[in-house]
Amino acid sequence: QVQLVESGGGSVQAGGSLRLSCATSGYTYSNVCMGWFRHAPGKEREGVAIIYTNGGSTDYADSVKGRFTISQDNAKNTLYLYMNSLKPEDTAMYYCAASFPRLYGCPGIRRENEYGYWGQGTQVTVSS
């Protein structure tokens, strides 16, 4: 059974940093697309960052480029999202998602419907 479990959310002031983690289990594919998505009240869910586990290529939403970094630790089966210079508009529920097998790379960051496995989310709140 595939499981994705997020942690690391919390409340910070603008300009602060957080590290989100997503512990994964239940699959052994090596060609996997992993992503972080967020959903703020009154807004549509949006892709934040994605990574292709076979090779490590990444993509980011324009709104987080230069501030967020997605990475993976294959030994720990864990996905991370390092968030720096946080802004109030980053406030949202953050979800980890996976799509596999992916032989030729990841779908675009906006193609969230192609991610079939999702975690329960972790809340990030940034105050001004």
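Reader: Which residues are linked in a network of salt bridges?
Author: Keep in mind that this is a predicted model. The network links Arg 38, Glu 46, Arg 67 and Asp 90.

Reader: OK, take Asp 90 and Arg 38. How far apart are the closest N and O atoms?
Author: They come to 2.9 Å in the salt bridge between Asp 90 and Arg 38.

Reader: How many salt bridges does the count come to?
Author: Seven. One of them is Glu 112 with Arg 45, at 2.7 Å from N to O. Glu 112 sits in the loop between β9 and β10 (117-118) and Arg 45 in the loop between β4 and β5 (46-52), so this pair connects parts 67 residues apart in sequence.

Reader: What's the relative accessibility of Glu 112? And the relative accessible area of Arg 45?
Author: Glu 112 has 13%, so it counts as buried. Arg 45 is partly exposed at 32%.

Reader: What about Asp 62, which residue does it form a salt bridge with?
Author: Lys 65, with the closest N and O atoms 3.2 Å apart. Asp 62 is exposed, with a relative accessible area of 63%, and Lys 65 is partly exposed at 47%.

Reader: Switching to the strands: what's the order in the open sheet?
Author: Four strands run β1-β3-β8-β7, with antiparallel pairing. β1 (3-7) and β7 (68-73) are the edge strands; each has a single partner, so one side of each has no neighbour in the sheet. The twist from one strand to the next averages 15°.

Reader: How many bridges hold β7 and β8 in their pairing?
Author: Six, in the antiparallel sense, with β8 covering residues 78-83. For example, Thr 69 has Tyr 82 in β8 as its bridge partner.

Reader: Last one: where is Ser 21 found?
Author: In strand β3, residues 18-25. Ser 21 has a relative accessibility of 11%, so it counts as buried.

Reader: Which residues is Ser 21 in contact with, leaving aside neighbours within four places in sequence?
Author: Val 5, Glu 6, Ser 7, Trp 36, Thr 78, Leu 79 and Tyr 80.

Terms used: Residues numbered from 1 in each chain as written. Predicted model: local features only at pLDDT ≥ 70, side-chain atom pairs only at ≥ 80, totals over all residues. Heavy atoms only, no water. Helix = DSSP H or I, 4+ residues; strand = E, 2+ residues; numbered from the N terminus. Buried < 20%, exposed > 50% of the residue type's maximum accessible area, 1.4 Å probe, protein only. Contact = heavy atoms within 4.5 Å. Pairing = 2+ DSSP bridges. Axes fitted to C-alpha atoms, helices over the stretch in contact; angles between N-to-C directions. Salt bridge = Lys/Arg side-chain N within 4 Å of Asp/Glu carboxyl O.
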